[in-house]
Amino acid sequence: MRVSIVGSGYVGTTIAACFAELGHEVVNVDVDEDLVATINDGEAPIHEPGLEERIAAHAGGRLRATTDYDEVRETDVTFLALPTPSREDGSIDTSIMESGSESLGEALAGKDDHTVVVKSTVVPGTTEDVVEPALERGGFDGATLAMNPEFLRMGSAVEDFLDPDKVVFGARTEGDDTDGEAAYEVLREVYAPLLDEAPDAAVVETGLREAEMIKYANNAFLASKVSLVNDLGNVCKEFGVDAYEVADAIAHDDRISGRFLRSGVGWGGSCFPKDVAAITAAAKAEGYDPAMLEAAVEVNDGQPERLLSLLDDHVDVSGERVAVLGLSFKPGTDDIRGTRAIPVIDGLQERGADVVAYDPVAAEKMAEKRPDVAYADSARDALDGASGAVVVTDWDEFAALDDEFEAMAERVVVDGRRIVEPRDGLTYEGLTW
Ligand SMILES: NC(=O)C1=CN([C@@H]2O[C@H](COP(=O)(O)OP(=O)(O)OC[C@H]3O[C@@H](n4cnc5c(N)ncnc54)[C@H](O)[C@@H]3O)[C@@H](O)[C@H]2O)C=CC1
Ligand SMILES: O=C(O)[C@H]1O[C@H](OP(=O)(O)OP(=O)(O)OC[C@H]2O[C@@H](n3ccc(=O)[nH]c3=O)[C@H](O)[C@@H]2O)[C@H](O)[C@@H](O)[C@@H]1O
């Protein structure tokens with residue numbers, strides 16, 4: 001099939017390269033000229049395992065990037081993979097979706113039919129109430145509308161996309177005269193080669209609003225699961241109980257499952273914080289206060305301070321050098337959006353500490369945002385002379401730290417991710433164990 005994708009960020013580039021790999025002719029539209037040139041040169045604009053090889057294999061062949069929206073006209077279906085950031089109050093900002101949809105509408109004007117699929121994460125109602133009117137303002141009123149949320153994770157985007165546990169197809173299903181069946185047909189055809197390779201994936205065919213909500217429910221559930229295990233972990237700590245032993249035991253109950261049961265300094269990233277805030281704001285706008293989601297955020301917001309109060313129990317950090325190990329929101333990425341490292345750094349600075357941070361890949365990005373922090377080239381350098389260290393990201397290399405701790409002025413480590421090995425001579429505190 002001829003597939004176009006508008007927006008070539010984490011999601012857009014990943015699905016473009018993967019659809020090309022699966023045999024489709026793919027056009028990827030983005031406003032960023034450098035990014036478009038990078039893809040056409042056969043290189044990946046973002047770091048994701050397996051992406052560079054796929055772009056290199058298909059760029060100039062089945063995969064083409066462009067800044068020209070008109071190129072979507074020759075395709076059968078367009079996926080919108082544009083950003084849906086938060087406004088100041090947490091609610092979803094759909095302005096980029098609107099301007100992108102208008103440009104798409106202009107490009108499609110006069111066409112009889114074209115399937116437009118919303119891939120971005122949007123609150124229920126957005127596809128019909130925001131995207132469709134914007135397409136019409138652009139001059140195209142013949143869209144078959146669909147919503148197809150994406151569940152890939154950063155750091156394993158290609159693998160997650162190609163081997164999903166489910167794919168969700170949302171379409172207009174109510175009333176006699178709907179385009180729902182036509183939309184399902186198009187999505188079934190686009191996904192057929194992927195589903196051939198991933199036969200165990202569930203295919204969920206549902207309404208537009210349901211598909212939009214499924215994405216939020218998925219992220220809100222996972223974020224809340226981590227907050228619940230953090231809340232329980234805090235209780236464990238009060239009783240001197242190891243939360244990881246407890247989690248390992250309850251994980252045997254397959255109603256609970258062992259995934260997303262790692263307690264610690266909390267969740268971050270470009271999506272959990274944004275999506276929990278957006279669905280909470282949307283619910284409130286409808287007159288419902290989602291108490292569990294608000295509590296999930298409250299617990300998450302409290303974890304960095306709990307980490308620091310454990311450090312306070314051992315050292316007065318005022319005027320002292322303190323090492324922050326890990327800056328990215330999770331290992332395997334240099335992304336610092338929503339990272340717990342920021343409230344940890346803020347809390348240390350409020351205590352008058354001299355913060356020196358280390359991350360194997362994210363220091364450069366953090367330095368742009370936080371030039372007020374010193375950055376070390378290695379964990380060893382960060383620890384050298386420090387009166388305490390806090391661990392924010394579970395990078396594998398922190399598990400191998402050993403004699404590096406010997407250069408500390410005071411050997412105190414508070415671990416927010418259960419990654420450092422406790423050892424003789426080290427005062428080691430786990431956040432929830
Ligand atoms: N990053 C992730 O892991 C996941 C993200 N999502 C959702 O997917 C959507 C996209 O997210 P990302 O790919 O992370 O965003 P991103 O910020 O990485 O990429 C968005 C791209 O859109 C381009 N763009 C902006 N305005 C444009 C316009 N008017 N026309 C054409 N291109 C334009 C930007 O230049 C950028 O390359 C969001 O709704 C996000 O919540 C869903 C699942 C996973
Ligand atoms: O909508 C999105 O963008 C994506 O958001 C998350 O993916 P991602 O943000 O890449 O990262 P996760 O692996 O889910 O981790 C999120 C945060 O939770 C934390 N976490 C995760 C698991 C756990 O047990 N404990 C824990 O603290 C991580 O450290 C990290 O800060 C979801 O897992 C994806 O399914 C979804 O598509």
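Is Thr121 buried or exposed, at 11% relative accessibility? Thr121 counts as buried because its relative accessibility is 11%, where buried means under 20% relative accessible area, exposed over 50% and partly exposed in between (1.4 Å probe, protein chains only).

This is a predicted model, in which local features need pLDDT of at least 70, side-chain atom pairs count only at pLDDT 80 or more, and totals for chains, interfaces and linings use all residues. Residues are numbered from 1 along each chain as its sequence is written, chains are lettered from A and ligands numbered from 1 in the order in which they are written, and side-chain values use heavy atoms, with hydrogens and water left out.

Thr121 sits in the loop that joins β5 (114–118) to α5 (126–138). Helices (H or I, at least four residues) and strands (E, at least two) are DSSP runs, numbered from the N terminus. Beyond its neighbours within four places in sequence, Thr121 is in contact (heavy atoms within 4.5 Å) with Thr84, Ile92, Lys215, Tyr216, Lys274 and Asp275.

Lys274 and Asp275 are among the buried residues of α10, as are Phe272 and Val276. Helix α10 covers residues 272–285, and its 14 residues should span 20 Å at 1.5 Å a residue; the end C-alpha atoms are 20 Å apart, which agrees. The expected span is 1.5 Å times one less than the number of residues. The buried residues of α10 pack against α8 (208–238) and α11 (291–312). Just after α10, Gly287 has a positive phi of about 100°.

Ligand 2 has 20 residues around it, and Phe151, Leu152, Lys215, Cys271 and Phe329 come nearest. A residue is near a molecule if one of its heavy atoms lies within 4 Å of it. The table gives polar contacts, which are pairs of N or O atoms within 3.5 Å.

| Residue | Part of the residue | Distance to an oxygen atom of ligand 2 |
|---|---|---|
| Met154 | backbone N or O atom | 2.9 Å |
| Asn219 | polar side-chain atom | 2.8 Å |
| Lys330 | side-chain N or O atom | 3.0 Å |

On its own, ligand 2 has 710 Å² of accessible area, and the protein covers 90% of that; such areas come from the Shrake-Rupley method with a 1.4 Å probe. The elements that give two or more residues to the shell around ligand 2 are α8 and α10. The largest share, three residues, comes from α8.

Notes: A polar contact is a pair of N or O atoms within 3.5 Å; within protein, one must be able to donate a hydrogen and the other to accept it, and residues adjacent in sequence count only if both atoms are side-chain atoms.
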